[in-house]
Amino acid sequence: MTRPGKQNGPTLYRVTIELSIENPCVPQTEADSSVRAVWDRLSVDATQSRDEPLIAGLVLDLVDGCDDLGESLARLAASRIATPEIGRHVLEKEIRAILVEQPHVLEAVAADLVVSFERNPAYPNYLVPYLFAKGFLGLQIHRVAHEMWNSGRVMAASFLQSRVSEVFAMDIHPAARVGSGILVDHATGIVVGETCVIGDGVSILQGVTLGGTGNEDGDRHPKIGSGVLLSAGSIVLGNVHVGDCSRVAAGSVVLHQVPPHTTVAGVPARVVRHHADSLVPAEQMDQEIDPGAE
Ligand SMILES: CC(C)(COP(=O)(O)OP(=O)(O)OC[C@H]1O[C@@H](n2cnc3c(N)ncnc32)[C@H](O)[C@@H]1OP(=O)(O)O)[C@@H](O)C(=O)NCCC(=O)NCCS
């Protein structure tokens, strides 16, 4: 089967949802999520972690020894995905260049880190998800790969994708568009297809597949609205739209459009609950929805 763009490099498919910061389903963070503010918080966390001898050298190299978030992230990412053939220094330089040229990437990185901290009560500070949460770092390397893909650097983007898959067990096609303020929790087994679009403020747990049915060509992957929670092991197949502020229950298989402000569950998934418009499931990482909010 011949797919569009196979011979001629990356195809940018037209997608059918708009991402908007005005959307009430985009969760609001309590903390300042500017790049500067996030870097300042990381630097404070690093200072407070110096007494732990096991990680003191790591923190010195990846945070204290850097001038800004871009330099630090480039060094962190390169240190995790370098290979004997494509070494740490060349990768660090390439990633850093993209972060400098495309400042919106770092803005998304900062927003992701803030929501990771706010939505996951297990994180004591910003530094833990920054250094140790593979879902966070894997997503940031995807953001860099996406910029490479969009500028026609298919082979470089594919290398980053393959290394994220090998090292973090999450496979996101570099063409996939991902909004900002995203929590990728646990991350193992996540697969996101080429023409997938993920809105702002989404939470994605382990084992989530956003894939094709195998019956469609072209624009064939799911479109996930803002503020959506994709629970563990949920599978969304085909060019279907999961509406804003909806929730896909654990282990469900979604084959049809999901209306906004609903929970769908089961195989195949069906609507099991309607939520109040004010409820943002992506923020409800304790999985509890106040019955009064139905
Ligand atoms: C969806 C979920 C949040 C429950 O939401 P809820 O609004 O409280 O829903 P309820 O438990 O009241 O269930 C409503 C109906 O959906 C069904 N249902 C709920 N979750 C389901 C699931 N994962 N698969 C199939 N059916 C499910 C219930 O059996 C119930 O059906 P019934 O009305 O016929 O009895 C929860 O089931 C879930 O999937 N949480 C995600 C947990 C997760 O991913 N954890 C990972 C942590 S690492």
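Predicted model: local features only at pLDDT ≥ 70, side-chain atom pairs only at ≥ 80, totals over all residues.
Tutor: Helices here are DSSP runs of H or I with at least four residues, strands are E runs of at least two, and both are numbered from the N terminus. Residues are numbered from 1 along each chain as its sequence is written, and side-chain values use heavy atoms, with hydrogens and water left out.

Student: How many helices and strands are there in the protein chain?

Tutor: The protein chain has 8 helices and 15 strands.

Student: Is histidine 261 buried or exposed?

Tutor: Buried means under 20% relative accessible area, exposed over 50%, and partly exposed in between (1.4 Å probe, protein chains only). Histidine 261 has 17%, so it counts as buried. Across the protein chain, 52% of the 294 residues are buried.

Student: What does histidine 261 touch, beyond residues up to four places away in sequence?

Tutor: Contact means heavy atoms within 4.5 Å. For histidine 261 the list includes Cys25, Asp244, Cys245, Arg273 and His275.

Student: Where is alanine 176, and what is it in contact with?

Tutor: Alanine 176 is in the loop between strand 1 (170-172) and strand 2. Its relative accessibility is 1%, which is why it counts as buried. Setting aside neighbours within four places in sequence, alanine 176 is in contact with His142, His146, Val192, Gly193, Glu194 and Cys196. Take histidine 142: it is 34 residues from alanine 176 in sequence, and the C-alpha atoms are 8.8 Å apart.

Student: What span should helix 1 have?

Tutor: The expected span is 1.5 Å times one less than the number of residues. Helix 1 (residues 35-48) has 14 residues and should therefore span 20 Å; its end C-alpha atoms are 20 Å apart, in agreement. Ala37, Val38, Trp39, Leu42, Asp45 and Ala46 are buried in helix 1. The buried residues of helix 1 pack against helix 2 (53-64), helix 3 (69-81), helix 5 (103-119) and helix 6 (127-132).

Student: In what order do the 4 strands of the open sheet run?

Tutor: Strands pair if DSSP finds at least two bridges between them. The order is 2-5-8-11, with parallel pairing. Strand 2 (177-178) and strand 11 (241-242) are at the edges with a single partner strand each, so one side of each has no neighbour in the sheet. Strand 11 pairs with strand 8 (residues 223-224) in the parallel sense over 2 bridges, and lysine 223 stands opposite histidine 241 there.

Student: Which residues come nearest the ligand?

Tutor: A residue is near a molecule if one of its heavy atoms lies within 4 Å of it. There are 14 residues around the ligand, and Ser231, Ala232, Arg247, Ala250 and Arg273 come nearest. Strand 14 (262-265) and strand 15 (270-274) each supply at least two residues of that shell.
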